[in-house]
Every structure is written in structure tokens, then in C-alpha cells.
Amino acid sequence: MMTTQEVRDVLQRRDFSPASLMALLGTRGEAMEALFQEAELFRHRISGRKVYLRGLVELSNRCAKDCYYCGVRRSNDTVARYSVRPEEVVNAALFARDHGFASMVLQSGERSDRHFVREVSLLLEEIHRHTGGELHITRSMGEQSRQTYKEWYDLGAHRYLLRIEASDPELYARLHPDDGLHRYEDRVESLLLLKDVGYQTGTGVMIGLPFQRLEHLAADLLFFRTMDIDMVGMGPYIEHEQTPLYVHRQLIPDKETRFLLSMKMVALLRLMMPDINIAATTAMQTIQEGGREFALKVGANVVMPNLTPTKYRENYLLYKDKPGIDQDAEDTTESLTRMIHAAGLEVALNEWGDSMHFRKRTNY
Ligand code: 5AD
């Protein structure tokens, strides 16, 4: 077990070798506190106190994939499937713009059929028409062809999130069916495609999965760096009863351990990649009250208030106990702003909040 002094020494040397990362991820007590302190200092020095807001709309829970961990997987026939209507999305976009968010995230189940691609394209056009192109739009809609990525890019959506979920190919294979639709290589290829098309590209993983070891998490951090990623959204795995992975629930660490592991991941990533955008995710808040604030303190700089119309939310339960199902946009935004101020941070309004990393990478 690492001592406080060892933690400080390793971080001072910026030694992010797999062995050091594993040791840092395994810290507890005072040594872990030292890691959090260093990350907090670093966050303030590099990105100040700013927190960027992205309005999130969970567009549709229709999904062609069947991931073993996800509550809205194709085979879960207890879920009522929905798609938010275009005018409701436009309303959410106007809300985001009027509240100074400057940016929104459109997320949905993974589909790549022509109909879906076309609908998303039309939606992007609608949003731009109504907001005068003022909003930056991030999509989180899974693996698509180069042509689709290009089509959406040309419609002005320049950011894309595609979680690798687990950067270790064997672990990935244990979390997904082997049906030709869930290939690790395809997922990596998609990330490369996104970067090639010109997107600010985000990825992420789940933390505290069955079969996952500290060496996997260390490898995840190094994967983000090797892939030279611009944004990361990651969070604790939370079991869902109506999924196949639920039978392995006795293999997952307890909630506190999953939460602290997630915070150590954020802290380390901030130290390793000073200028990327890191999200404080809903799952962090689900597993621990105050979890998002904690993440923001130790290195996250993005929060995504949920702007999905409330009537749909109970059908977008990727995992158990997801909070805010009955909070409307106004409520969510207010409580988030209060929370950000309470954490001694400030909301950056009317700023696009591009990843500084991406700016450097492209010199734009
Ligand atoms: N626990 C935590 N996160 C989950 N996701 C899906 N299912 C779960 C779960 N049970 C995450 C995945 C996906 C994102 C939209 O939600 O990482 O990419």
C-alpha cells in the first residue's frame, strides 16, 4: 500500500506507468486524500473554477445493441420504447441556449438504419434553424459509418461521445454478446474514424464492473492518453436487474469502493491529461449523494443537466436508482447551479467550452 509521501513523489515525477497507476488506484485513507488534494490543486491551476453545462436530451431508448449491462438493451422487453418528438428537442435546445449553456448533448440508443440517420440529420437542421447555430451539439449515438459521421459533422455537430466501455478486449468481450454487432475492434475503429472526420472526440468506461481489475482501469487511463482523446465521460457501473450481468453482482465492489475508484480515476486522468474535458456523470451521483460535486472538485469540469422531457425519463433507466426522474429542466438546472456554487466552483455561461486539448491538436 502506498504512503502519502510515495503518492506525492510519484505524482511529482509524473510517473504514470501501469504499475504506478495501479498503486495509485489502490490507495486508501490518507494516501488517497493526498491524491485528491494534488488533483484539486492541479485542476484549479489549469482550468480554474469553471464548470461547463451541457443540456442533455435522451432522444430515444430504441436500441439495436444488446449490451449485457444496460437497462435499455434490445432484449429488455419490459421497457416501453420512446422517441422524443422534434419540437420537444427544439424546446430543450432553446432552454439550453436561453440559460447560457451554449452546448447540448443528444444521446440515444444505438441505431444505424437509414431512417434513424436521416431523422437525426433533420433534427440537427431544426435545432440550428431555431437557435441560429448558437449551440454546440455533441452526439452520443454509437457506432456509425464514416459517411454518417461526415453527414452529421457537415450539419454542424462537431463533438461526439463514444464510450469504449472497457479498453481491455477480453473484458469488453465479457460485457457484450458475440453476435457480430459488438466487436471491440469496430468500436476502436469508430473512435479513429471520428477523429479522422474532425470531431472533438470523447470516450469513457464503466468503473467497478464484474471481472474488472485495477490493471484494467490503469489500462483505461492509458488508452485515453494513447488515443489522444478530447473528452471523457466515465462512471461507476450500477447493476440493473433486467440485464444478464446482474447474475454476477456478487463480483462487484461495494458502492463506496466503486464511488472512490471513480473519483480516483477522475483525479488521475486530470493529472495525466490537464487540458481535456472530463464529465461529472449522473452515475457518480447515483452511487453516492454529492458524488458529482466531489468529481468536480478533483478534476471534472463538465456537468450535463438532464433536459429530457420528464414523461420519458422512467424509460431511460440504464441502471438502477437513476436520480432526477421527476425533476424538470428548470429544477435540474437550479439544483445543479446551487451545487456547483456550494462546491466553490463557478458556472461558465455562454462559453462553448471546447476541450483546450482539441484546440491545441488542431491549432484552430
Ligand atoms: N451502469 C453504469 N453505466 C451504464 N451505462 C449503461 N449501462 C450502465 C450501467 N448498468 C453507460 C454506458 C453507456 C452510457 C450511455 O451509459 O457506459 O455508454
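This is a predicted model: local features need pLDDT of at least 70, side-chain atom pairs count only at pLDDT 80 or more; totals for chains, interfaces and linings use all residues.

1. Residues are numbered from 1 along each chain as its sequence is written, and side-chain values use heavy atoms, with hydrogens and water left out.

2. A backbone N or O atom of Tyr-69 is 3.0 Å from a ligand nitrogen atom, and a polar backbone atom of Leu-318 lies 3.5 Å from a nitrogen atom of the ligand. Of the 400 Å² of accessible area that the ligand has on its own, the protein covers 88% (Shrake-Rupley method with a 1.4 Å probe; for residues, only the protein chains shown count as cover).

3. Which residues surround the ligand? Among them are Tyr-69, Cys-70, Gln-107, Arg-163, Glu-165, Met-206 and Tyr-319, where a residue is near a molecule or strand if one of its heavy atoms lies within 4 Å of it. The shell divides into 8 nonpolar, 1 polar and 2 charged residues; Ala, Val, Leu, Ile, Met, Phe, Trp, Tyr, Cys and Pro count as nonpolar, Asp, Glu, Lys and Arg as charged, and the others, Gly among them, as polar.

4. Now the sheet: 10 strands form an open sheet with parallel pairing, in the order 2-3-4-5-6-8-10-11-1-12. Its edge strands are strand 2 and strand 12 (346-347), each pairing on one side only. Two strands pair if DSSP finds at least two bridges between them; helices (H or I, at least four residues) and strands (E, at least two) are DSSP runs, numbered from the N terminus. Strand 1 (residues 50-53) and strand 12 run parallel, joined by 2 bridges, and Lys-50 has Glu-346 as its bridge partner.

5. Strand 3 (residues 103-108) deserves a look, with 6 of its 6 residues buried (under 20% relative accessible area; exposed is over 50%, partly exposed in between; 1.4 Å probe, protein chains only). Ser-103, Val-105 and Gln-107 are buried on one side, and Met-104, Leu-106 and Ser-108 on the other. Strand 2 is largely enclosed by the rest of the structure, because 6 of its 6 residues are buried.

6. Strand 2 (residues 55-60) pairs with strand 3 in the parallel sense over 5 bridges; Gly-55 stands opposite Met-104, and Val-57 opposite Leu-106. On the other pairing, 5 bridges join strand 3 to the parallel strand 4 (residues 136-140), with Ser-140 as the bridge partner of Gln-107. The β-α-β crossover from strand 3 through helix 5 (residues 114-131) to strand 4 is right-handed: with the strands pointing away from the viewer, the path from the first strand over the helix to the second runs clockwise.

Conventions. A polar contact is a pair of N or O atoms within 3.5 Å; within protein, one must be able to donate a hydrogen and the other to accept it, and residues adjacent in sequence count only if both atoms are side-chain atoms.
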